[in-house]
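Okay, thanks for coming, everyone. Let me put the model up and then walk you through a few spots in it.

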2 protein chains.
Amino acid sequence: MWYSAPMAGRTNDDVLATQWHQLMGRYQHLMCELDRELGAAHELTASEFEVLQQLAQADECSLRMNTLGESAHLSQSALSRLVTRLERDGLLARTTCDHDRRSLFVALTDAGRRRYAEARPTQRRVLREAGSDCLDTQTASSQS
Amino acid sequence: MWYSAPMAGRTNDDVLATQWHQLMGRYQHLMCELDRELGAAHELTASEFEVLQQLAQADECSLRMNTLGESAHLSQSALSRLVTRLERDGLLARTTCDHDRRSLFVALTDAGRRRYAEARPTQRRVLREAGSDCLDTQTASSQS
């Protein structure tokens, strides 16, 4: 468990606030490590990797924009900027669908699939090496 | 515990990646709730509240800039922008110290102390109401 042992003499609310403060630190640390390593080796941020991963795991590597926003945990404006950047780099393309011409879809290109496949081992390694204070690495490894 | 039960048939690394993806969603959700409620009632973001809180809990409500950056989990540039904004609003002031004139300190003003005291019950309520999927609210409440 990522949170520390209970702190004697604190109110419930202060314990929660301390847990939140600790989680912010651990989350930001892991996010920075992912940004740094994915950036250096694959020219991707942690959020860009998540978008590529959501598309790679979807049927035909394609999702509606609003579904992608929800599954990548990004606001509409942040997603729009991110998709524009990845489209410019040739990693994904905006499309429409024959069955639903009103909706905008986003699909991985071949270059996007390759970049995701290359970056995935890096992301997994960083999660293993730097994620133990906010992920349950023990349960994950006991399943092998 | 915030993470889901182990997922059968997945590799360790995929379990970790799923945990990370879920944590991102839960963290972003709680961060958005805090930004929304603290913004509406107290004109503060969640990060600004954390900075006020770190200062309120420090000796003489004052910290070195670099100590504040570490304890608020912000990069130097993000902290600098945030301090400029809070200083413009009269909630904190940059100072130097008689014993250490080379270091820049940041201190809460009286208005900053009042704003923190007003915003604190809102932050605690949001953590209680919206934090249960990434904080250990059960352990916190069993300590009362």
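Buried here means 20 or more other C-beta atoms within 10 Å of a residue's own, exposed means 12 or fewer, partly exposed is in between, and C-beta atoms are placed from the backbone. Helices (H or I, at least four residues) and strands (E, at least two) are DSSP runs, numbered from the N terminus. This is a predicted model, with local features needing pLDDT of at least 70 and side-chain atom pairs pLDDT 80 or more, while totals for chains, interfaces and linings use all residues. Residues count from 1 along each chain as its sequence is written, with chains lettered from A and ligands numbered from 1 in the order in which they are written.

Among the buried ones are F49(A), V51(A) and L52(A). Now, α2(A) packs on α5(A), residues 110-130, at about 115°, axes 10 Å apart; axes are lines fitted to C-alpha atoms, for helices over the stretch in contact, and angles run from 0 to 180 degrees between N-to-C directions. On the α2(A) side, F49(A), L52(A), Q53(A) and A56(A) make the contact, meaning C-beta atoms, placed from the backbone, within 7 Å. Their partners on α5(A) include Y116(A) and A119(A).

Now the loops. E60(A), between α2 and β1 of chain A, has a positive phi of about 55° without being a glycine, and E60(A) is exposed. In chain B, C61(B) sits in the loop between α2 and β1, with phi near 50°; having 19 C-beta neighbours inside 10 Å, C61(B) is partly exposed.

Definitions and conventions:
Contact = placed C-beta atoms within 7 Å.
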